[in-house]
Amino acid sequence: MSLMTDNLIACAECDALHVWRPIAAGERARCVRCGNVLYRRPRMTSDQMLALVVGALLTFLLANAYPIVDLEVQGIRNSATLLGSIVALWTEERWLIAILVFATTILFPLIDLLSMLALFLTVARPGRPMIGFTTLYRFVWVLRPWGMIEVFMLGTLVALVKLSHLAHVVPGVALWAFGALTVLMAVVVSFDLRWLWVEPGRSA
């Protein structure tokens, strides 16, 4: 990540200093020395991102409230939720796996979304002091790599393909919700949070 002050930005690859200049939505600024992307201006505004984060939170609740898949084998039907799968791993004494699955698919993504919600809500209050904004901003950058919704989604799809040869598989509401959540999270994560600093009247 490139380091940025009020009017200077350092390239993350070669440490060359550049003067920060405003660019149009969707454009990128590159280092004149090595060509690395210094920063890009998001196409969406902070208000639009706030709506996306709220939508992602609602989708997250749906994904964890309903079964991911229904399995039918010899007339016996069983459904599985993400939380139920974590509890099953815990009861089978696979504690480390249960903790990792819970942390990377539920805890960290939820904290990430709630932190992003707090950031955008803070930005949406013009003229008010942004108490704790810097701490929350850094916390999001540290936490973000630990959310692995997309890895879970890929693993689930692979498992469903293999199970389709052994049982009748019916996708549940949560599976579609996780698919939508993966897309929403990709959009949310792609937003360059550094642009929240350049809005007029902001202070840490």
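Predicted model: local features only at pLDDT ≥ 70, side-chain atom pairs only at ≥ 80, totals over all residues.

Guide: The chain holds 6 helices and 8 strands, and along the sequence they run β-β-β-β-β-α-β-β-α-α-α-α-β-α. Our helix is α1, residues 46-65. With 20 residues at 1.5 Å each, α1 should span 28 Å, and its end C-alpha atoms lie 29 Å apart, so the two values agree.

Now for the side of α1 that is covered. Its buried residues are S46, M49, L50, L52, V53, A56, L57, T59, F60, A63 and N64. An α-helix has 3.6 residues a turn, so residues three or four places apart point the same way. In α1, M49, V53, A56, F60 and A63 are among the buried residues. What do the buried residues of α1 pack against? Their partners are α2 (82-91), α3 (95-123) and α6 (173-190).

Two of those partners also meet each other. The axes of α2 and α3 come within 7 Å and cross at roughly 160°, which means α2 is roughly antiparallel to α3. On the α2 side, the contact is made by L82, L83, I86, L89 and W90; α3 brings W95, I97, A98, I99, V101, F102, T105 and I106. The crossing of α2 past α3 is left-handed.

Stepping back to the whole chain, buried residues make up 37% of its 204 residues. Among contacts with a separation of 6 or more, 61% join residues 24 or more positions apart. The chain exposes about 12200 Å², with carbon and sulfur atoms supplying 65% of that area.

Technical notes
Residues numbered from 1 in each chain as written. Heavy atoms only, no water. Helix = DSSP H or I, 4+ residues; strand = E, 2+ residues; numbered from the N terminus. Expected span 1.5 Å × (residues − 1). Buried < 20%, exposed > 50% of the residue type's maximum accessible area, 1.4 Å probe, protein only. Contact = heavy atoms within 4.5 Å. Areas by Shrake-Rupley, 256 points an atom, 1.4 Å probe, with all protein chains shown as cover. Axes fitted to C-alpha atoms, helices over the stretch in contact; angles between N-to-C directions. Parallel < 35°, antiparallel > 145°, perpendicular 65-115°, else oblique. Left-handed = near helix turned anticlockwise from the far one by under 90°.
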